Amino acid sequence: MDLEIQQRVKDLTEKHGAENVVVVIGGAEAEASGLSAETVAAGDPTFAGPLAGIELGLAVYHIVEPEIKDECDAAVYDEQCGMMEMVLDVDAIIEEVKNIRTQYSKY
């Protein structure tokens, strides 16, 4: 997760409160998705960005998780994410993000 996005997440969390922020990510690999999820929940593990050492505890989901997919208009989801879902290791991504969420998310 780049430094600009980290700052935006931090600013939005300060403005709206961590309990009112849900982060939806869309990384193509489980490891990258897990790193992004960890960054917004437990702090930047690389200690390079604005979230270094800052545990926001945010709820974080990947777009392919059923909790998010089911909230989307099916036609829009299919148009925007359908092809991606066919080529990604969806189960590995879901498992990785869910593990991070279970371990670090407070909301």
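Predicted model: local features only at pLDDT ≥ 70, side-chain atom pairs only at ≥ 80, totals over all residues.
Let us look at V23 itself. Setting aside its neighbours within four places in sequence, V23 is in contact with V40, L58, A59, V60 and Y61.

I now turn to a serine, S33, which lies in helix α2, residues 30-42. Is S33 buried or exposed? Its relative accessibility is 0%, and buried means under 20%, so S33 counts as buried. What does its side chain reach? The side chain of S33 reaches the backbone oxygen of E29, at 2.9 Å. Again leaving aside neighbours within four places in sequence, S33 is in contact with I25, G27, A28, H62, I93 and V97.

Finally, the chain as a whole. The chain contains five helices and two strands, and along the sequence they follow the pattern α-β-α-β-α-α-α. Among contacts between residues at least 6 apart in sequence, 67% join residues at least 24 apart. Buried residues make up 39% of the 107 residues.

As for overall dimensions, the C-alpha atoms fill a box of roughly 35 × 25 × 25 Å along the principal axes. A compact globule with 107 residues would have a radius of gyration near 13 Å, and the chain has 14 Å, which agrees. The accessible surface comes to about 6400 Å², of which 50% belongs to carbon and sulfur atoms. Thank you.

Definitions and conventions. Residues numbered from 1 in each chain as written. Heavy atoms only, no water. Helix = DSSP H or I, 4+ residues; strand = E, 2+ residues; numbered from the N terminus. Buried < 20%, exposed > 50% of the residue type's maximum accessible area, 1.4 Å probe, protein only. Polar contact = N/O pair within 3.5 Å; in protein donor to acceptor, adjacent residues only side chain to side chain. Contact = heavy atoms within 4.5 Å. Rg over C-alpha atoms; globule rule 2.2 N^0.38 Å. Areas by Shrake-Rupley, 256 points an atom, 1.4 Å probe, with all protein chains shown as cover.
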